[in-house]
Each structure stands twice: as structure tokens, then as C-alpha cells.
Amino acid sequence: MSNHLPNEARVIPLRPHGARPCGAPPRQAPPPAAKEPLWRDLVGDVLRRERLAQERTLKDVADEARISMPYLSEVERGRKEASSEVLAAAAHALGLGLGDLLTKAQGELTRVASRYPAGSSRGATTSSHDGMCLAA
């Protein structure tokens, strides 16, 4: 005997859930959503670009900043979230202030963020100020 009530309909699928009908084209996976860049990636890009523009080696800048060369490399590649002290030291070794470094990174963020529609309406401002506030 069945566990179903006499007036209750029972659905029996003809094919497994998610299977496609015969002759139907395979489902295309939706394209992956573009990810906004991380702050550490942008700051690292700016540091690397500045270092290369000055034709300086990673070792030279790391020595002057008094940070390890492998750590500076990781920061430049966006693998490490560097402290403000490390960023300031690297910036000063490149002849920049911390504010200069962050301003350049903000400019880069503004430039690349315009390509991401998800972030374009969020955080939009009508203020005449064009700055960024970072809190620790």
C-alpha cells in the first residue's frame, strides 16, 4: 500500500532533475562575474610601476625601505596586505609620501572601477569632494 492520501497527486519525473531533452544544446555556463580589484592589488601595482619607472631593483628598494625583498615582492604582487608602516617605508624609498601612494592607488581604483557596473551605483556620491577616507 501507498503512504499517499487518496486525493493527493504524486509527481513522477520523466527524467532526472537538470537533465536536458534529447537534441537540446548543452547549457552554457554563465560567464564568470568580473571581480573588482582589491586595494592591495592596486597599491602593489602602483609600487611596482613606480619602481620600474625609476629603473630600480626590488632589492634596492627593499633595502632602502628596510623590509625584506621577498615581502616587498609579495606586496607588489598583491599577495600581502601590508601595514601602513610598510607602505610608507616603501613609498619613501621610492621618493613618494604615503599620501602620494594612496592617491595614485585611488586614481587607479577609480579608473578600473568604472568597468564594473555592480560598483558603479553603490557608493556613488554627489559631493564635490573627490577624496578617500581609510580607517584602521
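Residues are numbered from 1 along each chain as its sequence is written, and side-chain values rest on heavy atoms, with hydrogens and water left out. Because the model is predicted, local features require a pLDDT of at least 70 and side-chain atom pairs count only at pLDDT 80 or more, whereas totals for chains, interfaces and linings use all residues.

The protein has six helices and zero strands, where helices (H or I, at least four residues) and strands (E, at least two) are DSSP runs numbered from the N terminus. The average pLDDT, the predictor's confidence in each residue from 0 to 100, is 81, and 67% of the residues score at least 70. Among the elements, α2 has the highest mean pLDDT (98), while helix α6 (residues 117-120) has the lowest (52). Over residues 119-129 the pLDDT stays under 50, and the model has one contact beyond four places in sequence for this stretch, a contact meaning heavy atoms within 4.5 Å. Where pLDDT is low, the predicted coordinates should not be read in detail.

Of the 136 residues, 25% count as buried; buried means under 20% relative accessible area, exposed over 50%, and partly exposed in between (1.4 Å probe, protein chains only). Leaving aside neighbours within four places in sequence, V43 is in contact with L87, L101 and A105. In helix α3 (residues 69-76) lies S73, which is buried at a relative accessible area of 14%.

A search of the whole structure finds 10 salt bridges, each defined as a side-chain nitrogen of Lys or Arg within 4 Å of a carboxyl oxygen of Asp or Glu. In one of them, the closest N and O atoms of R40 and E81 are 3.5 Å apart; R40 lies in helix α1 and E81 in the loop between α3 and α4, so the pair ties together parts that are 41 residues apart in sequence. R40 counts as partly exposed at 29% relative accessibility, whereas E81 is exposed at 52%.
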